[in-house]
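Okay, thanks for coming, everyone. I'd like to walk you through one structure today, so let me put it up on the screen.

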Amino acid sequence: MRAGGWDVVDSAGGSELHALKAPPSTAPAPVSRAVTLLTVVHGWKPDAERWLLSVFTHCKADFEAVIVDNSGDERIAGWLQGRAAERLRSIRLDPPLGFAAAVNAGIDAAAGQVVILFDSGVDLTGDAVSPLVNVLSDPSVVVAGPYGLRGQGMAKEFAASPGPEVDAIEGYCMAFRRADAQALEGFDPRFQFYRIADIEFSFRLRDRGGRAVVVPNLPLEKHEHRLWEATDPKERQRLSKRNMYRFLDRWGNRPDLLVGLQGARRAHF
């Protein structure tokens with residue numbers, strides 16, 4: 001069933017069949033760009049408007065903005081249709097998909113050599129894009145961003161870290177090469193809920209031999225994280241646990257990918 005693009009997902013109301021990927025696009029090929037700024041919109045149109053304004057105000061690179069409309073809201077679809085422009089494209093997912101599958105639809109559609117994934121609640125207040133593109137000119141770096149994580153002695157618990165080298169980059173703002181993401185077939189589409197999906201993706205990128213690097217002091221402003229606030233606390237705990245178990249099934253026995261543990265071993269010996 002998974003080979004056919006479907007998976008059975010347990011929800012609070014029982015088991016449901018979910019698509020793991022968006023249908024192939026029939027849109028003409030876009031103009032190639034240096035970087036694609038990507039966000040997934042699950043609702044909350046004012047956030048998307050604010051993010052889009054910040055992108056067009058502050059980005060200095062050869063960029064395009066791609067918005068994946070995963071809201072199922074006709075009003076947002078109509079707004080995006082009316083905003084179409086040379087450097088702005090939108091992809092509507094109807095019906096909406098899980099978080100990872102929605103991100104993958106954006107990666108597949110991207111025309112940039114570099115993709116920077118943003119949460120729509122994170123705005124640019126200056127040129128945050130150029131430093132991220134620049135750090136990826138180092139072939140040893142496979143993922144970069146301002147918000148890094150390191151495992152706390154094991155892969156079960158992660159905490160914020162200033163880096164510079166970290167275990168994972170948070171999906172609030174994470175930059176990677178599109179070619180690297182496509183070689184991995186993107187995010188793991190079984191992550192229907194957003195939590196841990198960014199950590200798992202970082203580990204898969206790093207498993208190919210690259211580094212995750214924090215780029216500090218980027219001109220960004222974080223606002224309310226809508227998906228977190230909109231999800232019932234018991235349900236988000238259940239979904240987060242399920243995603244962590246999925247992550248541990250694959251990476252729980254890979255201490256070699258924990259940067260802090262590697263450093264401790266080097267210091268000990």
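Predicted model: local features only at pLDDT ≥ 70, side-chain atom pairs only at ≥ 80, totals over all residues.

Residues are numbered from 1 along each chain as its sequence is written, and side-chain values use heavy atoms, with hydrogens and water left out.

Back to Ser 71. You'll find Ser 71 in the loop between strand E4 (63–69) and helix H2 (74–83). Those labels are DSSP runs numbered from the N terminus, with helices being H or I of at least four residues and strands being E of at least two. Ser 71 is buried, at a relative accessible area of 18%. Buried here means under 20% relative accessible area, exposed means over 50%, and partly exposed is in between, with a 1.4 Å probe and protein chains only. The side chains of Ser 71 and Asp 69 are also joined by a polar contact of 2.6 Å. A polar contact is a pair of N or O atoms within 3.5 Å; within protein, one must be able to donate a hydrogen and the other to accept it, and residues adjacent in sequence count only if both atoms are side-chain atoms. If we leave aside neighbours within four places in sequence, Ser 71 is in contact (heavy atoms within 4.5 Å) with Val 41, His 42, Gly 43, Ile 76 and Pro 96.

E4 is mostly covered, with seven of its seven residues buried. Phe 63, Ala 65, Ile 67 and Asp 69 point one way from E4, while Glu 64, Val 66 and Val 68 point the other way. What does E4 pair with in the parallel sense over seven bridges? That's strand E3 (residues 33–41), and there the bridge partner of Val 41 is Asp 69 in E4. Two strands pair, by the way, if DSSP finds at least two bridges between them. The chain gets from E3 to E4 through helix H1 (residues 45–58), and this β-α-β crossover is right-handed. That means that, with the strands pointing away from the viewer, the path from the first strand over the helix to the second runs clockwise.

Five bridges join E4 to strand E5 (residues 88–92), again running parallel, and Val 68 stands opposite Ile 91 in E5. The crossover from E4 through H2 to E5 is right-handed too. E5 also holds Ser 90, which is partly exposed at 39% relative accessible area. Beyond its neighbours within four places in sequence, Ser 90 is in contact with Ile 67 and Leu 80.

For an antiparallel example, look at the open sheet of three strands in the order E10-E9-E12. Strand E10 (158–161) and E12 stand at the edges with a single partner strand each, so one side of each has no neighbour in the sheet. E9 and E10 pair over four bridges, and Arg 150 has Ala 159 in E10 as its bridge partner.

Last topic, the rings. There are twelve aromatic pairs in the structure. Rings of Phe, Tyr and Trp (its six-membered ring) pair if their centres lie within 6.5 Å; planes under 30 degrees apart count as stacked, over 60 as edge-to-face and the rest as tilted. Tyr 147 and Tyr 172 have ring centres 6.0 Å apart and planes at 80°, so that pair is edge-to-face. Tyr 172 is partly exposed, at 21%, and Lys 222 lies over its face at 3.9 Å from the ring centre. To count as over a ring, NZ of Lys or CZ of Arg must be within 6 Å of the ring centre and within 35 degrees of the ring normal.

Phe 203 and Phe 247 are edge-to-face as well, because their planes are at 85°, with centres 5.1 Å apart. Phe 203 sits in helix H6 (residues 197–206) and Phe 247 in helix H8 (residues 233–251), so the pair ties together parts 44 residues apart in sequence. Both Phe 203 and Phe 247 are buried, and Arg 206 lies over the face of Phe 203, at 5.6 Å from the ring centre. As for H6, ten of its ten residues are buried, so the helix is largely enclosed by the rest of the structure.
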